[in-house]
Amino acid sequence: MAMESSNGAATLDATLGGHLARRLVQVGVRDVFAVPGDFNLTLLDHLIAEPGLRLVGCCNELNAGYAADGYARAKGVGVCAVTFTVGGLSVLNAIAGAYSENLPVICIVGGPNSNDYGTNRILHHTIGLPDFSQELRCFQPVTCHQAVVNNLEDAHEQIDRAISTALRESKPVYISVSCNLPGLPHPTFVTQPVPYFLAPRSSNQMGLEAAVSATVAFLDKAVKPVMVAGPKIRVTAQDVSTMLRCEQKSIIFLINNGGYTIEVEIHDGPYNVIKNWNYTALVDAIHNGDGKCWTAKVTCEEELVDAIHTATDDKKDCLCFIEVVAHKDDTSKELLEWGSRVSAANSRPPNPQ
């Protein structure tokens, strides 16, 4: 929708959704990780319409949140967009992780129609109460700022304050936008908003280089520097489909040790053993012949070397998935010691009253 500014010049898409999209582009965001729901669909339309943004559809909200987490680590700020409550509560664990890691993740939630606030109505996507603040209250402990945008008059101020706070504090923020507002114009939603003026976060370059050198030296001496538990893919595997759709050329390593090794070292029990999956077949099924994907399962060092060579040479234009089968007891003495200490700490008896 076109509007006319005070000097007679036309401004394009001077809407709430357009303003939010431009503000995201201005702070360096190029990809928004989203899951559609009926409360955020119109907002997603405006994000898609912004030439500087790409909307990356994810299989579920938790994956979208973790994708935004990784994007923030690589690019400086990440964004996820979900729907009200059913989506917001699903993404919450990822936002809490970003808070603990000091990552500026902007979580945008499509909220209820602005006319429904204060009406005592019970809406879907809620816990069955007429109070719409349950989602907001859940986000308050794990975000440094929260904005509930349910009117146009102060929408630009709320959006700008939330985004700038995320960047300044390097913490996640929560922005809820009523579902009936993204397409509405307002004089404050100018095409070229006032640029952000934020002091750059300084880094001690010498200290950083020393830390990197010490870390590399430590890993070079390590016999077993990395161990990742295989069962964690049972969520993350879904978004292999997203990676294929976006033509990613990453190499994914799955360390399959048949269960929860860390938990075994803390306190063993039958719950630490899981049904093994054919993980390469799972990825092949997700691939389904659509896109470029290559999988391999390796059981020894020689096979691993060959697989890495193939992934970086003949299959370098593919998304490569390599399952590394490891024994369930293949762990370091440091992990054994750590498990013993955690077990002792967890099992301390209550203090005398």
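Residues are numbered from 1 along each chain as its sequence is written, and side-chain values use heavy atoms, with hydrogens and water left out. Because the model is predicted, local features need pLDDT of at least 70 and side-chain atom pairs count only at pLDDT 80 or more, while totals for chains, interfaces and linings use all residues.

Start with the overall division. The chain splits into domain 1 (16-178) and domain 2 (220-347); such bounds come from an automatic or database domain assignment. The domain centres, taken over C-alpha atoms, lie 31 Å apart. Domain 1 gives 7 residues to the contact and domain 2 gives 8, where contact means heavy atoms within 4.5 Å. The size of an interface is often given as the accessible area lost when the parts come together. Here the area buried between domain 1 and domain 2 is about 590 Å² (accessible area, 1.4 Å probe, that two parts lose on being put together, summed over both). Carbon and sulfur atoms give 45% of that area.

Now the helices. These are DSSP runs (H or I, at least four residues; strands are E, at least two), numbered from the N terminus. Two packed helices are described by the angle between their axes and the distance between the axes. Axes are lines fitted to C-alpha atoms, for helices over the stretch in contact, and angles run from 0 to 180 degrees between N-to-C directions.

Take helix 1 (residues 16-26) and helix 6 (residues 155-169). Their axes come within 11 Å and cross at roughly 20°. Helix 1 and helix 6 are therefore roughly parallel (angles under 35 degrees; over 145 is roughly antiparallel, 65 to 115 roughly perpendicular, the rest oblique). The crossing is right-handed, meaning that the near helix is turned clockwise from the far one by less than a right angle. L16, H19, L20, R23 and L24 of helix 1 meet A155, H156, I159, D160 and I163 of helix 6. By class, this contact has 6 nonpolar, 2 polar and 2 charged residues (Ala, Val, Leu, Ile, Met, Phe, Trp, Tyr, Cys and Pro are nonpolar; Asp, Glu, Lys and Arg charged; the others, Gly among them, polar).

Helix 1 also meets helix 2 (residues 41-49), with axes within 8 Å and a crossing of roughly 50°. This pair is therefore oblique. The crossing is right-handed. G17, G18, L20, A21 and L24 of helix 1 touch L43, H46 and L47 of helix 2. That contact has 5 nonpolar, 3 polar and no charged residues.
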